[in-house]
Amino acid sequence: MEAVAQFPLDGYAVHADLCGSGTEQVVIYTDDEAHIYASRPLDLRTARFAGPLPQPKRLSHSTLYPGGEVPLV
């Protein structure tokens, strides 16, 4: 149970190959912002954005059910 990475932003975390690079990126997000982290620098100018990117089954079938509080209106 040792930490292998720490992120400077507290929030929800998801991961996927966002750029078609063959590696996964981690997105830490809150209601106000999102930060993308990668294991190496990526040149976004070479990313493929022609449509949905195929993802491995373990990524495309993941589900996010975030907890948290719902503010009273």
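Asp-17 is placed in the loop between S1 and S2, where helices (H or I, at least four residues) and strands (E, at least two) are DSSP runs numbered from the N terminus. The structure is a predicted model, in which local features need pLDDT of at least 70 and side-chain atom pairs count only at pLDDT 80 or more, whereas totals for chains, interfaces and linings use all residues. Residues are numbered from 1 along each chain as its sequence is written, and side-chain values use heavy atoms, with hydrogens and water left out.

With a relative accessible area of 12%, Asp-17 is buried (buried means under 20% relative accessible area, exposed over 50%, and partly exposed in between, for a 1.4 Å probe and protein chains only). The side chain of Asp-17 reaches two backbone nitrogens, that of Gly-22 at 2.9 Å and that of Cys-19 at 3.5 Å. A polar contact is here a pair of N or O atoms within 3.5 Å; within protein, one must be able to donate a hydrogen and the other to accept it, and residues adjacent in sequence count only if both atoms are side-chain atoms.

The sheet is open and consists of 3 strands in the order S1-S2-S3, with antiparallel pairing (two strands pair if DSSP finds at least two bridges between them). Strand S1 (12-16) and S3 stand at the edges, each with a single partner strand, so one side of each has no neighbour in the sheet. Neighbouring strands of this sheet are turned by 20 degrees against each other on average, direction ignored, with axes taken as lines fitted to C-alpha atoms, for helices over the stretch in contact, and angles running from 0 to 180 degrees between N-to-C directions. Strand S2 (residues 25-29) is joined to strand S3 (residues 34-37) by 4 bridges and by a hairpin of 4 residues. Val-26 has Tyr-37 in S3 as its bridge partner, while Ile-28 stands opposite His-35 in S3.

The structure also holds 2 aromatic pairs (rings of Phe, Tyr and Trp, the last with its six-membered ring, pair if their centres lie within 6.5 Å; planes under 30 degrees apart count as stacked, over 60 as edge-to-face and the rest as tilted). Phe-7 and Tyr-37 form a tilted pair, with 4.8 Å centre to centre and 50 degrees between the planes. This pair links distant parts of the chain, since Phe-7 lies in the segment before S1 and Tyr-37 in strand S3, 30 residues apart. Phe-7 is partly exposed at 32% relative accessible area, and Tyr-37 is likewise partly exposed at 23%.
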